[in-house]
Amino acid sequence: MTVPSLPAALAAAARGAAHPAVAVPAPRGTCSCGAEDTLLADRDDGTVVRHGAIVAKAHAPDTEPHALTLRVAAATRLPGILLPPADPAPTGLLGRRVTLWPYGAPVDPDAPDAAPWEAAATLLAGLHRAPAPDGLPPMRGPVKAARAMARMRAAGPHPAAAPVLRAWAALPAWARAEAPMPDATTTLCHGDLHLGQLIRHPAPDGPWLLIDVDDLGVGAPAWDLARPAAWYACGLLPPDEWLRFLTAYRAAGGPAVPADGDPWPALDVAARALTVQTAALAVAKSVAAGRPLDEVQQAVVDACDRMSAVPHELTKGLAT
């Protein structure tokens with residue numbers, strides 16, 4: 001008996017969910033609805049296949065089943081903020097945990113001027129203000145940063161690794177996933193916020209919603225603002241776009257930063273951690289591909305180098 005590939009198995013699962021009244025789903029490529037099976041992503045941390053209105057996702061091999069179930073359940077409780085699943089019960093498939101979701105239209109990467117910064121900020125603020133479900137695991141942002149560092153170390157020598165390692169060592173323990181996070185039991189966080197985590201549902205012009213619950217949990221809400229903050233600090237996000245995001249977050253009552261005044265004391269640690277994470281992944285990919293860093297990757301490495309020289313308050317008001 002031939003074991004199907006993971007994408008093929010996911011396509012079959014998506015077809016079955018898209019056409020539940022059909023006793024035997026049609027073989028790939030012959031569906032009477034006219035929709036094709038589309039591979040949306042195939043990475044170590046997740047494989048995603050779409051068929052029509054349904055998306056099937058195979059989560060990372062080391063995904064903890066109970067934690068994933070809690071995270072998916074949290075999405076069902078926050079419609080209007082998180083995309084609710086098509087099926088609230090994750091299943092097993094070829095040794096992976098699989099979830100089913102409605103398809104939504106993603107952010108257009110070719111239209112940066114139309115990036116939904118205000119929508120992202122407003123959704124985040126709503127998420128951070130929502131009651132955290134009982135038993136929800138910690139937000140996994142710092143764990144992902146630590147894994148990025150481990151990946152860089154395992155990749156082998158690179159001249160850009162030294163400033164990344166210095167910047168990492170200067171972070172407090174919680175940002176390196178070596179100690180509990182501040183606000184570790186009360187604030188609901190996304191854990192991996194970027195524009196790729198927003199979709200319009202129903203497609204193509206429904207309201208914006210947050211997707212991807214793999215890192216959802218309780219923890220420090222500043223982490224969810226850290227990637228745009230880091231991009232702004234590195235010169236990769238224009239000041240007006242950062243201001244749009246920050247202003248909308250504050251207007252929606254987001255608790256991660258003060259309602260007015262300088263937001264940076266609240267964001268500094270998380271922004272530095274996301275800069276280090278991004279740089280570590282850039283260095284690891286550079287080693288693996290045998291090519292030099294590109295301009296954007298070099299910018300985040302340079303930012304890590306500056307972190308060691310510029311005075312900062314890493315631990316003010318935060319657990320170390």
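**Strand S3**

I began with the side chains of strand S3. Ile54, Ala56 and Ala58 point one way, while Val55, Lys57 and His59 point the other way, and all are buried. Buried means under 20% relative accessible area, exposed means over 50%, and partly exposed lies in between, using a 1.4 Å probe and protein chains only.

I noted where the names come from: strands (E, at least two residues) and helices (H or I, at least four) are DSSP runs, numbered from the N terminus.

**What I am looking at**

This is a predicted model, in which local features need pLDDT of at least 70 and side-chain atom pairs count only at pLDDT 80 or more, while totals for chains, interfaces and linings use all residues. Residues are numbered from 1 along each chain as its sequence is written, and side-chain values use heavy atoms, with hydrogens and water left out.

**Partners of S3**

Which way do S2 and S3 run? They run antiparallel, and 6 bridges join them. Two strands pair if DSSP finds at least two bridges between them. I found Thr47 with Ala58 of S3 as its bridge partner. The hairpin of S2 and S3 has 2 residues between the strands, and Gly52 takes a positive phi near 60° there. S3 also pairs with strand S5 (residues 96-102), antiparallel, over 5 bridges. There, Ile54 has Pro102 of S5 as its bridge partner.

**The open sheet**

Next I traced an open sheet of 3 strands, in the order S6-S8-S9, with antiparallel pairing. S6 (105-106) and S9 (208-210) are at the edges with a single partner strand each, so one side of each has no neighbour in the sheet. S6 and S8 (residues 198-200) are joined by 2 bridges. Ala105 stands opposite Arg200 in S8. Helix H3 (residues 117-129) packs on the sheet and touches S8 and S9; its direction makes about 50° with that of S9.

**Loops**

I checked the loop between S8 and S9, where Pro202 is found. The peptide bond from His201 to Pro202 is cis, with omega near 0°. Pro204 is in the loop between S8 and S9 too, and a cis peptide bond with omega of about 5° joins Ala203 to Pro204.

Asp212 has a phi near 75° and sits in the loop between S9 and strand S10 (217-218).

**Helices H5 and H9**

At what angle do H5 and H9 pack? They pack at about 50°, with axes 8 Å apart. Axes are lines fitted to C-alpha atoms, for helices over the stretch in contact, and angles run from 0 to 180 degrees between N-to-C directions. H5 and H9 are therefore oblique to each other; angles under 35 degrees count as roughly parallel, over 145 as roughly antiparallel, 65 to 115 as roughly perpendicular, and the rest as oblique. The contact (heavy atoms within 4.5 Å) includes Pro163 of H5 and Cys304 of H9.

**Cysteines**

How many disulfides does the structure hold? I found 0, a disulfide being a pair of cysteine sulfur atoms within 2.5 Å. For Cys304, the nearest cysteine sulfur is that of Cys234, 7.4 Å away. Cys304 is buried at 0% relative accessibility, whereas Cys33 is partly exposed at 41%.
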